[in-house]
Each structure stands twice: as structure tokens, then as C-alpha cells.
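Here are my notes on the model you sent over. Please have the sequence open beside the 3D view while you read.

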Amino acid sequence: MPTMPAVSGATGVLPPAAANVVVEDIYGFLRVLGDGTVHRSPEQPVFCPDTFPSSHPSVQWKEAVYDKANNLRVRMYKPSSTAGGGEDARKKLPVLVHFHGGGFCLGSCTWANVHAFCLRLAAEAGAVVLSAGYRLAPEHRLPTAVDDGVGFLRWLRAQSTMDAAADGWLTKAADFGRVFVTGDSAGGTIAHHLAVRAGLAANKRGEVDLDLRSVTVRGYVLLMPFFGGVRRTRSEAECPAEVLLNLDLFDRFWRLSLPAGATRDHPAANPFGPDSPELGSVDFRAPVLVVVGGLDMMRDRTVDYAERLAAMGKPVELVEFAGKPHGFYLHEPGSEATGELIGLVSRFLHSCEVRLLD
């Protein structure tokens, strides 16, 4: 593990450095020099081995660009039954918009672990899965990733209008009246912020930032969301330094992704920070499923998030996978535990649809 330079605990600011000195190094995949130059490795990390499945017998997938100006891509997955004839082909499926993790600094919808998980998610949840990329920090600091999430939902809304520019591969299978926003780690944080933005827009009863008149979000799934705060939780303080996803790494992610000089209490990191929206007054119109791992360093912070939302009367469900670390479903996409997680997501989708009918 690389040795990191000293950082001020109060401000998170690095000391002055020569232009060619590496001041931040995340396992060689991301290096930042003293002059701000960013170097990224073109290689996928070791936890994305070639042995992960690149296809699924019952899933079709394709890739598209949803934001040409920023070269942002989306991988789209749908069960193969929707491509054939018969009743299954005529039945449109719920849409799962998925945002990958990586501390807002790493990751891609093209990484093998994300791809393998989305293949299985589409097959076993019986849904159209849209795995959307977003711009990364430190080149693009927060809230850019959240803004890109909004941009993707706008792209999806345009697809739902069925105009000449819409992708028939998608529109023939997708039920745009049943959209769910999911995200892993930092992607779960994006899902939280999209829910809050939608709730604030609903409060104002106006056409504000997140206009989803044609795309109806029925629920949000936060898979081990990446939240932060200046005050350490017990699970953070007790996290062993030798594990791959440790406190030092997560602190580096926040230093690189938050606005320069911001602390971990910034609204992008801490839902309950001093400058964050007061969530009690936010209209959470759609239910929220929060998933946490028993061995996740973020466990206590995530549990606190869900419990505080529940105490406010928000429609939130918390499920803990005992003995599982952060992002286990990406490290073992073919495991029984990952199957249980996908089953949980599938049941959540169904419960939201039943709730709609009540």
C-alpha cells in the first residue's frame, strides 16, 4: 500500500509540494501531482478479473453515449425474453438506473465487476438495468457526479417520449412509469441526492431541477452508500488499517472529490451536516431501501442514516447482510449472498408496485 503524505486533519489540505511530486496515490490507479496533474491507469483493478462473466445466457446488453459533450456512457441490459415473440415480449419491464461506486474518484460502468453484477441483476430481477457513468474527481469535483445523475434521468425522460431519436432497443422493453434508482457505495450517495433533489422540487411544487414528468421514480435502492462526517463512528474508528477499503482510503476519496477546502461535513458527504438540507422537511415521495454490510466500515453511519429517516416518518427500509464487507456483491457477483441481495431488490420493486396500487 502506498505511503501517503501528511495531511492537515482540520482542513484536509495537503502541504505545498513540488510540481512533479505525487501528492495523492490510490493504489496506482489514480495519481495526483503537486501541480494538480492527474494520471489514471488504463488497467482495470485486480478485483475485476477476466474470470468474471462478460455475458449471460438470458440477458442482452449494449452500450450507448447519453451525454456526447462529456462522453458519458451507459450500459443497458434487458432479459432476452423481451426480444422474442409472445406475451413476455409484449410485457414491459421495470427500469433500474444504476450508478457505480468508487469514492467518486474511480470506477466505470465498463469495469468487469460492475458488468457482471448488472448482468445478473437484469436476469434475476427481471428488469431493464441502465448502468450509467458519470464524471470523476478530482478532475470534476462534487456535485458534478450528482449533476450527471440528473442529466441521465433527463436523457431517460427523452427516451420515454418515443420520438425519432429514442433507442427502440430500450423503449420496447422499458416501462418508464416504473423507474427505480439504485447505486453502489458512491453511487448510493448519488441515489440519495437524487431523492432529496426530487423531494425538494416536490416541496416547491414547481418545475425545478429534477423534472421527471415522463419518468416516474418509484423507489431508491442505496447499496452501502458512501457517506462521511468529521466525527468518526465506531465502525470507522475500529476499521483495521490493513484491509483494502480502510479509513485512510475513504478519507483520500473525500479529499479528492469534495470542493477544495471542504470538510467531510459538506452536504455532498454528510446528509446531516450543518449546511445540509433538513431532511425532515423533504418530501420522500418514493420508498428507500438501504442495504448495509455487517463488516462494512460504513455500517454505523449507514444504519444511523436509515434510523434517522425512519424517525422522521420517511418510507425507509434497512437490511443488514451480517458478516459481509463493503461491496461484497461486486467482489463475488456469482455468490449465493449476491443472489440473496438481488432477491431483496426484486421484492422491493414488487412492494413498491403493490403500494402504488393500494
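The points below go from the whole chain to its sheets, helices and aromatic rings.

1. First, the ground rules. This is a predicted model, in which local features need pLDDT of at least 70 and side-chain atom pairs count only at pLDDT 80 or more, while totals for chains, interfaces and linings use all residues. Residues are numbered from 1 along each chain as its sequence is written, and side-chain values use heavy atoms, with hydrogens and water left out.

2. The overall picture. The chain has ten helices and eleven strands; these are DSSP runs numbered from the N terminus, with helices being H or I of at least four residues and strands E of at least two. Of its 358 residues, 53% count as buried, where buried means under 20% relative accessible area, exposed over 50% and partly exposed in between (1.4 Å probe, protein chains only). Among contacts between residues at least 6 apart in sequence, 73% join residues at least 24 apart; contact means heavy atoms within 4.5 Å.

3. The eight-stranded sheet. Eight strands make an open sheet in the order β4-β5-β7-β6-β8-β9-β10-β11, with mixed pairing; two strands pair if DSSP finds at least two bridges between them. At the edges are β4 (59-67) and β11 (316-321), each pairing on one side only. From one strand to the next the twist averages 20 degrees. Strands β10 (residues 288-293) and β11 run parallel and are joined by six bridges; Val292 has Glu320 as its bridge partner in β11. Helix α2 lies across β4, β5 (72-79), β6, β7 (128-132) and β9, and runs at about 35 degrees to β5 (axes are lines fitted to C-alpha atoms, for helices over the stretch in contact, and angles run from 0 to 180 degrees between N-to-C directions).

4. The three-stranded sheet. Here the strands form an open, antiparallel sheet in the order β1-β2-β3. Because β1 (22-26) and β3 (38-40) each have a single partner strand, one side of each is left without a neighbour in the sheet. Neighbouring strands are turned by 15 degrees against each other on average, direction ignored. Three bridges join β2 (residues 30-33) to β3, and Arg31 finds its bridge partner in His39 of β3. Helix α7 packs on this sheet, touching β1 and β2, and its direction makes about 120 degrees with that of β1.

5. Helix α7 itself. How many of the eleven residues of α7 are buried? Ten are, so the helix is largely enclosed by the rest of the structure. Among the buried ones are Leu247, Phe250, Trp254 and Ser257. The cover over the buried residues of α7 includes β1, β2 and α6.

6. The aromatic rings. The structure holds 17 aromatic pairs; rings of Phe, Tyr and Trp (its six-membered ring) pair if their centres lie within 6.5 Å, and planes under 30 degrees apart count as stacked, over 60 as edge-to-face and the rest as tilted. Phe104 and Phe226 form a tilted pair, 6.2 Å centre to centre with 40 degrees between the planes. That pair links loops 122 residues apart: Phe104 sits between β6 (93-99) and α2 (112-125), and Phe226 between β9 (217-223) and α6 (234-237). Phe226 also pairs with Phe253, and with centres 6.3 Å apart and planes at 85 degrees this pair is edge-to-face. Phe253 belongs to α7 (residues 247-257), so the pair ties together parts 27 residues apart in sequence. Phe226 has a relative accessible area of 1%, and Phe253 is buried at 6%. One aromatic cluster takes in Phe104, Phe226, Phe250, Phe253 and Trp254.

7. Charges over rings. The charged end of Lys78 sits over the ring of Trp169, 4.2 Å from its centre. Arg308 lies over the face of Phe272, at 3.8 Å from the ring centre. The criterion is NZ of Lys or CZ of Arg within 6 Å of the ring centre and within 35 degrees of the ring normal.

8. Val146 is in helix α3 (residues 144-160) and counts as buried at 5% relative accessibility. Leaving aside neighbours within four places in sequence, Val146 is in contact with His193, Leu194 and Arg197.
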